[in-house]
Amino acid sequence: NDVCVFMPAWFGVVATLLVGMLAYECSGSAQAGVAASLVMSVIPSHIMRAIAGGFDNESVAITAMVLTFYLWTRSVRNKGSWPFGFLAGLAYFYMVATWGGFVFVLNLVAFHAFVLVVTGKYTHGLHKSYTLFYIIGTVLAIQVPIVNLTPLKSMEQLSALLVFAGMQVWAFMEYRIEAKKAKTFAEKWQVRIPIITAAAMAGVAVIIALIPTGYFGPLSTRVRGLFIKHTRTGNPLVDSVAEHQPANSDAYWHYLHYACYYAPFGFLFSFVRGTPGALFVVIYSAISYYFSSKMNRLIILMGPIASVASGIAIGYASEWCLDQVDMFFADFLNIQLPPLTRRAAAALKEKEEAAKSAAAASTTPAAATTNTPGKGKRSKDSASTSSKESGDAMSTLEETIGKPLRGVYNSPIAKIIRIVAAVAFVVQTYTYTREFFSFSYSFAEQTSQPQIVFKGQLRDGRTITVNDYVESYEWLRDNTPEDARVMAWWDYGYQ
């Protein structure tokens, strides 16, 4: 009574901070991180499991899930960040001990690692990071009694094992390529094909040997229900629960509200950015949307990613608006403000460096730049010619498309339009924010009301008081021993 009732709120605060860190990691924008935290703090899909007084596995699990995702994306930031994969494995173990949704976390991380390899973003750091994550996470997960050896047997979790095995094969191929100093595409694949063939044959042989023994477990009924149309789980009791029905547009609006408008833009920005962290946003968004569309209760998985994607959209847009403020003061009022965004700071630094270079060039004697004719000069001329030829295509594209577009974008009329658009965005976002916070506050109040006695409405419009729970508890009190234990199906056992 003194601790558990507050745990959802405590973990909700931690999850909110972690979502901001995840948004920053995936976007590189501090504004995006702040905006994502603000959205996560009030979005209904998170509030429904972060209300003090109500307790469920998800109240703790969402925090564990977001922590795992943050540490994983942090581990693939660059080649030297792979040690964070160890921490991601520890966070995943906490997730396993908390909620059965750990299968979603495991497969999402595995699929992200697979996509990074397929899209040419493989590095030795990625190999080390995923190896640490999988080994640490799996070794600890099998210590949980209810999990046991399912990570190595269950069809739902074998994809992560396959990615782990494939990652080791790919790392060995890269090692052989480096050892043989293969440079061209053909030379690299001459090394890869024999290794891939041998690994595939060994894998098929192992699978063929294990299938007759019944080693591999089947997909659970709930997982099958996410992919098999109409069949659902096959359990009438489970299928009858509203939370297990497919989500509709009303459900998304009820639990995500205006995040439905902003998140798609964050999705597109992340897709265009294409960094490992940004691709995680794309993958998480697509997969969680698919699963939530099949089962209503899985909208809870969309709370964090809807907040992250919305935060990215708002963060990038706010940076652009601040750039327009900087431009307005500089071009129209002739006042140079301190840089307000990353782009403004980078542009100012580039301008200062260009000025320094120009000053240095003007003070350098002409004789000092004159080289003695000979082999060195011919070598430099050759390198210059090669560089020029390789950049011809980009130069042509820049001259024909890039330069004219920048000219239009920086024209006086376009600058005025940009300022008006920035003001309109700020005003509209302010309006949406007030409505979003008001809706979320009302949702929080409704969720916080005692659910043992509540009001209901009949078909004829009459309002009645539903006190079935109270009557049931009174009957149990009066007709069972004080130390009696009541067995109830989970959906009717919340009280």
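**Close-up views of a predicted model**

**View 1. Helix α4 packs against helix α6.** The axes of α4 (residues 57-75) and α6 (residues 102-118) come within 11 Å and cross at roughly 15°. That angle makes α4 roughly parallel to α6. The crossing is right-handed. This is a predicted model. From α4, the contact takes in M65, T68, F69 and W72; they meet F104, V105, L108, V109, H112 and A113 of α6. By type, the contact residues are eight nonpolar, two polar and no charged.

**View 2. T63 sits in helix α4.** T63 is buried, at 6% relative accessible area. Leaving aside residues up to four places away in sequence, T63 touches F11, V14, A15 and L18.

**View 3. Y258 and Y432 form a stacked pair.** The structure holds 27 aromatic pairs. In the pair of Y258 and Y432, the ring centres are 4.3 Å apart and the planes stand at 25°, so the pair is stacked. Y258 lies in the loop between α13 (249-256) and α14 (259-273), Y432 in helix α20 (residues 412-448); the pair therefore ties together parts 174 residues apart in sequence. Y258 is buried, with a relative accessible area of 11%. Y432 counts as partly exposed, at 22%.

**View 4. Y262 and Y432 form an edge-to-face pair.** Their ring centres are 6.2 Å apart and their planes lie at 85°. Y262 is in helix α14 and Y432 in helix α20, so this pair links distant parts of the chain, 170 residues apart. At 13% relative accessibility, Y262 counts as buried.

**View 5. Seven aromatic residues are shown as one cluster: W72, Y92, F102, Y130, F133, Y134 and F164.** W72 also belongs to the α4 side of the contact with α6.

Technical notes:
Residues are numbered from 1 along each chain as its sequence is written. This is a predicted model: local features need pLDDT of at least 70, side-chain atom pairs count only at pLDDT 80 or more; totals for chains, interfaces and linings use all residues. Side-chain values use heavy atoms; hydrogens and water are left out. Axes are lines fitted to C-alpha atoms, for helices over the stretch in contact, and angles run from 0 to 180 degrees between N-to-C directions. Helices (H or I, at least four residues) and strands (E, at least two) are DSSP runs, numbered from the N terminus. Angles under 35 degrees count as roughly parallel, over 145 as roughly antiparallel, 65 to 115 as roughly perpendicular and the rest as oblique. A crossing is left-handed if the near helix is turned anticlockwise from the far one by less than a right angle, and right-handed if clockwise. Contact means heavy atoms within 4.5 Å. Ala, Val, Leu, Ile, Met, Phe, Trp, Tyr, Cys and Pro count as nonpolar, Asp, Glu, Lys and Arg as charged, and the others, Gly among them, as polar. Buried means under 20% relative accessible area, exposed over 50%, partly exposed in between (1.4 Å probe, protein chains only). Rings of Phe, Tyr and Trp (its six-membered ring) pair if their centres lie within 6.5 Å; planes under 30 degrees apart count as stacked, over 60 as edge-to-face and the rest as tilted.
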